[in-house]
Amino acid sequence: MLLSLEGVALREIVLTKEYTTFGRRPYSDVVIDNLAVSGEHAAVRRVGNDMVVEDLNSTNGTFVNGRPTRRQVLRSGDVVEIGRYQLHFEAAAPGTTMEPSEPAPAEDFSYSSIPPFSHSEMAPTFFPETAMAGDVPPALSGSIRVLSGAAAGKSVDLVKVVTTIGKAGVGVASITRRQHGFSLAHVEGAAVPTVNGTLVGNAPVMLRHGDTVELAGIRMQFVQGTA
């Protein structure tokens with residue numbers, strides 16, 4: 001996997017372990033020191049001849065080719081996104097032990113027998129470049145407009161990588177600014193956000209211009225435009 005930030009290559013990661021963990025915590029195999037990355041964010045595990053990426057219940061989600069995923073087999077050319085960082089996956093050359101198997105039909109492929117990921121006991125590989133690399137502003141801009149409550153009419157520009165909304169102890173959500181758009185995720189609390197009346201589940205939801213977000217009794221509207 002080639003680790004990059006906004007198209008700038010940082011380091012190559014060779015997946016030689018049975019599983020490799022990615023996150024902000026120092027015990028991760030690949031440490032990415034960025035607030036948009038969860039302490040235990042994602043992992044890649046070898047399953048037979050395949051490499052499988054799995055989201056580890058991260059706050060902002062794991063994306064493959066721009067789509068949120070919980071668990072997915074990787075194919076050559078896939079791009080895994082963790083926070084603002086991209087991991088470009090390439091399978092080993094044919095004839096090596098790393099060669100991926102042919103994709104199984106969707107209806108026949110099951111992960112029910114795969115045990116959960118656990119932390120590696122080996123020393124982590126820390127890439128200082130990821131800690132020092134600055135965030136490059138995305139090409140998109142966005143804001144949240146409050147539609148109800150005491151703050152009705154107020155607008156908050158989404159200029160940070162991660163913006164949190166809601167009420168502590170009641171319900172908190174995060175909006176992550178990504179290269180291709182904005183995603184909303186439930187962070188904590190009994191109050192779960194909705195987008196256009198639909199509850200946000202465990203996976204982040206990509207926001208579209210004009211979407212109505214409701215959290216802890218407050219209605220908001222997402223507005224997106226080009227920077």
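Arg-70 is partly exposed, at 32% relative accessibility, where partly exposed lies between buried (under 20% relative accessible area) and exposed (over 50%), computed with a 1.4 Å probe on protein chains only. The model is predicted, so that local features need pLDDT of at least 70 and side-chain atom pairs count only at pLDDT 80 or more, whereas totals for chains, interfaces and linings use all residues. Residues are numbered from 1 along each chain as its sequence is written, and side-chain values use heavy atoms, with hydrogens and water left out.

Arg-70 forms a salt bridge with Asp-55, with 3.2 Å between the closest N and O atoms; a salt bridge is a side-chain nitrogen of Lys or Arg within 4 Å of a carboxyl oxygen of Asp or Glu. This pair links distant parts of the chain, 15 residues apart, with Arg-70 in the loop between strand 8 (67-69) and strand 9 and Asp-55 in strand 6. Strands (E, at least two residues) and helices (H or I, at least four residues) are DSSP runs numbered from the N terminus. Asp-55 is buried, at a relative accessible area of 5%.

The structure holds 5 salt bridges. One of them joins Arg-71 to Glu-54, the closest N and O atoms being 2.4 Å apart. Because Arg-71 lies in strand 9 and Glu-54 in strand 6, this pair ties together parts that are 17 residues apart in sequence. Arg-71 is partly exposed, with a relative accessible area of 26%, and Glu-54 is buried at 12%. Another salt bridge is formed by Arg-75 and Asp-50, with a separation of 2.9 Å between the closest N and O atoms. Arg-75 lies in the loop between strand 9 (71-73) and strand 10, and Asp-50 in strand 6 (residues 50-55), so the pair ties together parts 25 residues apart in sequence. Arg-75 is partly exposed at 22% relative accessibility, and Asp-50 is buried with a relative accessible area of 6%.

An open sheet is formed by 6 strands in the order 2-1-11-10-7-8, with antiparallel pairing. Strand 2 (8-12) and strand 8 stand at the edges with a single partner strand each, so one side of each is left without a neighbour in the sheet. The twist averages 30° from one strand to the next, with axes taken as lines fitted to C-alpha atoms (for helices, over the stretch in contact) and angles running from 0 to 180 degrees between N-to-C directions. Two strands are counted as paired if DSSP finds at least two bridges between them.

Within this sheet, strand 7 (residues 62-64) pairs with strand 10 in the antiparallel sense over 3 bridges, and Val-64 has Val-80 of strand 10 as its bridge partner. Strand 10 (residues 79-82) is joined to strand 11 by 4 bridges, also antiparallel; here Val-80 has Leu-87 as its bridge partner. Strands 10 and 11 form a hairpin with 2 residues between them, and Gly-83 in the turn has a positive phi of about 60°. Strand 11 (residues 85-88) also pairs with strand 1 (residues 2-5), antiparallel and over 4 bridges.

Gln-86, in strand 11, is the bridge partner of Ser-4. Gln-86 is buried, with a relative accessible area of 6%. Contacts of Gln-86 (heavy atoms within 4.5 Å), leaving aside neighbours within four places in sequence, include Leu-3, Gly-7, Val-79 and Gln-179.
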